[in-house]
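Thanks, everyone, for making the time this morning.

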Amino acid sequence: MNAPTTRRLTVAQALVAFLAHQYTERDGRRHRLISACWGIFGHGNVAGIGQALLESGDALPYLQGRNEQAMVHAAVGFARQRDRLSAQAVTTSIGPGATNLVTGAALATVNRLPVLLLPGDVFATRSADPVLQQLEVPSAGDVSVNDALRPVSRYFDRVTRPEALIPAALQAVRVLADPVDTGAVTLALPQDVQAEAYDWPEEFFADRVWRVARPAPDAAALAEAVQAIRGARRPLLIAGGGVHHSEAEEALRAFADATGIPVASTQAGKGSLRHDHPADVGGIGHTGTATADALAREADLVIGVGTRYTDFTTASSTLFAAPGVRFVNLNIAPFDAHKLGAASLVADARAGLEALTGALSGHRVAAAYEAGYRAAKEEWERRVDAAYGAADDSVRPSQTQVLGALDGIVDDTDVIINAAGSLPGDLHKLWRARSRRQYHLEYGYSCMGYEIPAAIGVRLAAPDRPVWALVGDGTYLMNPTEIVTAVQEGVNITVVIVQNHGYASIGGLSEATGGERFGTAYRFRAGDGTYTGAPLPVDLAANAASLGMDVLRAATVGELRAALVKARGANRPTCVYVETETADTVPGAPDAQAWWDVPVAETATRPAAVAAREAYDRHAAGRRRHL
């Protein structure tokens, strides 16, 4: 009897070889699970994973980053664009390199997006103890800074012996490929173990396919949902990010065409229907449209598809106000399907929508209801036109006019990326999404600094699509370093810097909650703590140019349109810099159509805070628990 075939490799070499042979498959199409590995090297991974990547060549391509958090953002942008069927890995040194992963890991896990994290770790053998950058915990010798990644990872393991890699690696890729449990997956790799050789069974390196199923809804649950929908007079469907992850857009369109039920969208779900579909009523919740939020307040049935029901969607539990409102939730994750006391359909979004459409054959909402929301949609579109338009091309544009200028030049292929500041609210209300993956808003974690690295990840995932990273000055200052990566790797993205000299979104929130915009402006500080005088002499356009980008400055609406057209046709990374007009007299986005719960000081001496608390108490009285 022949002995099992083995291959002698280090732990790092074995892991890289294993990852190169992992695939997902859905609907008969196979995808490479780990397409590349981002890395910044230091002690803890340079002689382990670094050497293994060098030796592997094209088997697992290497991508160089400048900031560990940004590398995770790039990998997350890639995974989202690939519908979670393909992902990327990120390797770091021990110490600060590893802890810099925590924010990116939280973002990935909150948004249910797969990324594999491979931080170096201290010596498993304790031969060097403490090693440089090691955190010593007197009461626990097996703790390192990597343990900070445990609560933000969907799966975490520390590989302290070579043979432990086999079950750890298999569990890691299982979670990465799981549409319910995916997120950040961390394999902490002690630096001595990475370099240790072992005789690995050859079958560990065989091609392995992880099939991503489309589970259908339970027959009894489907019948209950159909009965609820047939009995509703004012139903509303909320499309979440699960519609995109499941590639269920066509199934949703068929459902809306057949039933006439209006479709609102979360930040993650926007674009599930094209903006010009008659049933699309736009964003919902605190940053939603007047049309969608009015429908939500009067809905007697809310059908959630692939949504987590965050507080922005529910307006902090104040939006769904009809006395007898009920919920039907279609979600592949039971945890989300059962929220708000819903009748739950635990199923793939596409499979569930197709089942609902078939079972509802012949059912359609009343003509008056359909005519009413369509008329409201047309009225909202006139408000969008007013916010986008500029009577004079020679004036400085407002932020919404920046979006209007961009809206005028993009087509179905463009991808718009944003995450934080005042832009997400304006985009959710106003942007006219033309295709399924055009609107890329990271709002589960709303992480400043996400946009530029995510744009790189999206462009790597979709090299033929124009990719725009929209960033305010506050966000740009958080994390501009991956511009160098885009330039080095020739990743053709466009960064639009919107300069308004401060944290505009938080400034508005501060004012509304009695904080009087304290600490939110980029201005010179006076002795009493207030911010006065001219803006700081900071030139972000010059900074982007110094990092290697071509920079186009636009001072007027007309110059902005020309710059955007030129940037879209550029063949290398390009920045469009525009300073926006913030005066109250210029067009802006409509005010929030629904409340958001940000607790206000219960006791205060300043009148602004006292008045804000009174308003808070009035709104908070409308909160309800849906059971």
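Predicted model: local features only at pLDDT ≥ 70, side-chain atom pairs only at ≥ 80, totals over all residues.

The largest cavity holds about 120 Å³ of space, where a cavity is a set of points, on a 1 Å grid over the protein atoms alone, at which a 1.4 Å probe fits but cannot get out, and where the volume is the space filled by probe spheres set on points joined across faces, edges and corners. Of the 17 residues in its lining, those closest to the centre are D280, G282, T289, W380 and E381, a lining residue being one that has an atom within 4 Å of a point. Strand 14 (280-283), helix 15 and helix 17 (423-430) each give two or more residues to this lining; helices (H or I, at least four residues) and strands (E, at least two) are DSSP runs, numbered from the N terminus. By class, the lining has 5 nonpolar, 6 polar and 6 charged residues, with Ala, Val, Leu, Ile, Met, Phe, Trp, Tyr, Cys and Pro taken as nonpolar, Asp, Glu, Lys and Arg as charged, and the others, Gly among them, as polar.

Residues are numbered from 1 along each chain as its sequence is written, and side-chain values use heavy atoms, with hydrogens and water left out.

Let me turn to S246, which sits in the loop between helix 9 (241-245) and helix 10 (249-259). Is S246 buried or exposed? S246 is buried, because its relative accessible area is 4%, and buried means under 20%, exposed over 50% and partly exposed in between, with a 1.4 Å probe and protein chains only. Its side chain makes a polar contact with the side chain of D348 at 2.7 Å, that is, a pair of N or O atoms within 3.5 Å, where within protein one must be able to donate a hydrogen and the other to accept it, and residues adjacent in sequence count only if both atoms are side-chain atoms. A polar atom of the S246 side chain also lies 3.2 Å from the backbone nitrogen of R350.

Finally, D393 lies in the loop between helix 15 (367-388) and helix 16 (399-407), and is partly exposed at 38% relative accessibility.

Methods. 1 Å grid on protein atoms, 1.4 Å probe; cavity = no way out; pocket = protein on both sides within 12 Å on 5 of 7 lines; lining within 4 Å.
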